[in-house]
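Biologist: I would like to learn how to read a structure like this one. Could we take one feature at a time?

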Protein chains: 2
Amino acid sequence: VMKKASGRGRRPGRSEVREQIRDAARARFLAGGYQAVTMRAIAADAGVDVALVSYYFGSKQGVFGAAMALPVNPSDAIAAVVADGDLEGLAPRLLRMALSIWDDPATGGPLLAIAGAVTGDPDMRRLVREFVGREVVGRIAERIGGDDASARAATFSAQMSGIVFSRYLLGVEPLASMSVDEIVQRLGPALQLALFPTHGA
Amino acid sequence: VMKKASGRGRRPGRSEVREQIRDAARARFLAGGYQAVTMRAIAADAGVDVALVSYYFGSKQGVFGAAMALPVNPSDAIAAVVADGDLEGLAPRLLRMALSIWDDPATGGPLLAIAGAVTGDPDMRRLVREFVGREVVGRIAERIGGDDASARAATFSAQMSGIVFSRYLLGVEPLASMSVDEIVQRLGPALQLALFPTHGA
């Protein structure tokens, strides 16, 4: 049996360490879900110091995006849209952001692969459920505030998933052929009303 | 080699003929999509007269429901809700109907199985896309009327799929734990606004 070239003793390169952490993170996210996984656990699995995980990926959201091969960090994208601008136009802004990401094959492709795996793979389903709950519903709820903020953010998020599911996965017409502008114009008010039932109309 | 008991010459029973038609229909729907398939083609594949297909299943929608093992014929359910009542409450009525069907394991179970197969199976995806386009978007568009009825029905249908996807497939909270009444109360107005952008608010 031949000894592997990358055997004991050779110091791994930067990109190897990065990949090692990413692989460990992916395995751990799929096994443990989103919320329970810590940077420290990922570091332990990868056999590196936790400072290296921070150095390469910044945050848990960053490792998650990399582990799932996402060219866009969805948490950052949502956080930016939520913070930038007033509440009056929040739903249309989020809708436009989501459509732009999904419309671009470079960013939408990997997301489509994850969405495609959701129904068949219970681990992936749990992971996406927790991620959506925390990073989408949670972040939006925090921004809009109020007693039932989570409920309103969840119904909004459900409507968004429906647009994504129908347009990109199923390809239902005429939704699949509409421009981003047309969809935002048509659905912006309805989504805003889901977020703000009392003063959205 | 033993000869099968149900060999040549024996006349098939009623339930066997029904099953034979259903199997042929399922294969043909998956191979040919929803719209292109005719009662006549199903009959030919099953080796029976087309009158027998009508006798057992009534209509193409009926064969489809049976072929997909649906205990409820979705076309009939939508047609009934669309016809029964005014346009002012159309979206909440459709939402309540969909939630009732999906909430009941007897009817929601088989639908969940189909939805689960959609992302992984291109034939199933095409079939569901065509079915939703014709029997959901088409029927609702016909009822609401107007130049852009299809576009409004499609955006509405997308929102409905999102609620189903988030609640039943993904299980996003707090949507998954809400009562049907609460969801209808929260989302009815937003869905109605998607159907009637001008006078829905």
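Modeller: Start with A:D86, which counts as partly exposed at 47% relative accessibility. Keep in mind that this is a predicted model.

Biologist: Why does 47% make A:D86 partly exposed?

Modeller: Buried means under 20% and exposed means over 50%, with partly exposed in between. At 47%, A:D86 therefore falls in the middle class. A:R93 is in that class too, with a relative accessible area of 23%.

Biologist: Which residue does A:R93 pair with in a salt bridge?

Modeller: The general idea comes first: side chains of opposite charge can pair when their charged atoms come close. The cut-off for a salt bridge is 4 Å between the side-chain nitrogen and the carboxyl oxygen. In this case A:R93 pairs with A:D86, with N and O 3.9 Å apart.

Biologist: What is the N to O distance between A:R152 and A:D148?

Modeller: It is 2.9 Å, and the two side chains form a salt bridge. A:R152 counts as buried at 9% relative accessibility, whereas A:D148 is partly exposed at 29%.

Biologist: How many salt bridges are there over all chains?

Modeller: A search of the whole structure finds 18.

**Across the two chains**

Biologist: How many salt bridges are counted between chain B and chain A?

Modeller: Two. In one of them, the side chains of A:R186 and B:D148 meet at 3.0 Å, N to O. A:R186 sits in helix α10 (residues 180-195) of chain A and B:D148 in the loop between α8 and α9 of chain B, so this pair joins two chains.

Biologist: Is A:R186 buried or exposed?

Modeller: Buried, with a relative accessible area of 18%; the limit is 20%, so A:R186 falls under it.

Biologist: How many residue pairs are in polar contact between chain B and chain A?

Modeller: Six, with both residues at pLDDT 80 or more. On the side of chain B that touches chain A, the elements giving two or more residues are α7, α8, α9 and α10 of chain B. The largest share, 14 residues, comes from α9(B). By type, the residues of that side divide into 23 nonpolar, nine polar and six charged.

Biologist: How many residues are in contact between the chains, and what area is buried?

Modeller: Contacts involve 38 residues of chain B and 38 residues of chain A. The buried area is about 3,100 Å², and carbon and sulfur atoms give 74% of that. On the chain B side, B:T119, B:L170 and B:R186 lose the most area to chain A, together 19% of what that side buries.

**One residue, one chain**

Biologist: Which residues does A:V128 touch, leaving out those up to four places away in sequence?

Modeller: A:I114, A:V118 and B:L170. A:V128 lies in helix α8 (residues 122-144) of chain A and is buried, with a relative accessible area of 15%.

Biologist: How many helices and strands are in chain A?

Modeller: 10 helices and zero strands. The C-alpha trace of chain A spans about 70 × 35 × 30 Å along its principal axes. Of its 201 residues, 50% count as buried. Among contacts in chain A with a separation of 6 or more, 63% join residues 24 or more positions apart.

**Checking a helix**

Biologist: What span should helix α6 of chain B have?

Modeller: The expected span is 1.5 Å times one less than the number of residues. For the 14 residues of α6(B), 90-103, that gives 20 Å, and the end C-alpha atoms are 20 Å apart, so the two agree.

Biologist: Which residues of α6(B) are buried, and what covers them?

Modeller: The buried residues include B:L90, B:L94, B:M97, B:I101 and B:W102. The cover over the buried residues of α6(B) includes α5 (74-83), α7 (105-118), α8 (122-144), α9 (149-170) and α10 (180-195) of chain B.

Definitions and conventions: Residues numbered from 1 in each chain as written. Chains lettered and ligands numbered in written order. Heavy atoms only, no water. Helix = DSSP H or I, 4+ residues; strand = E, 2+ residues; numbered from the N terminus. Buried < 20%, exposed > 50% of the residue type's maximum accessible area, 1.4 Å probe, protein only. Contact = heavy atoms within 4.5 Å. Buried area = accessible area lost by both parts, 1.4 Å probe. Polar contact = N/O pair within 3.5 Å; in protein donor to acceptor, adjacent residues only side chain to side chain. Nonpolar A, V, L, I, M, F, W, Y, C, P; charged D, E, K, R; others polar.
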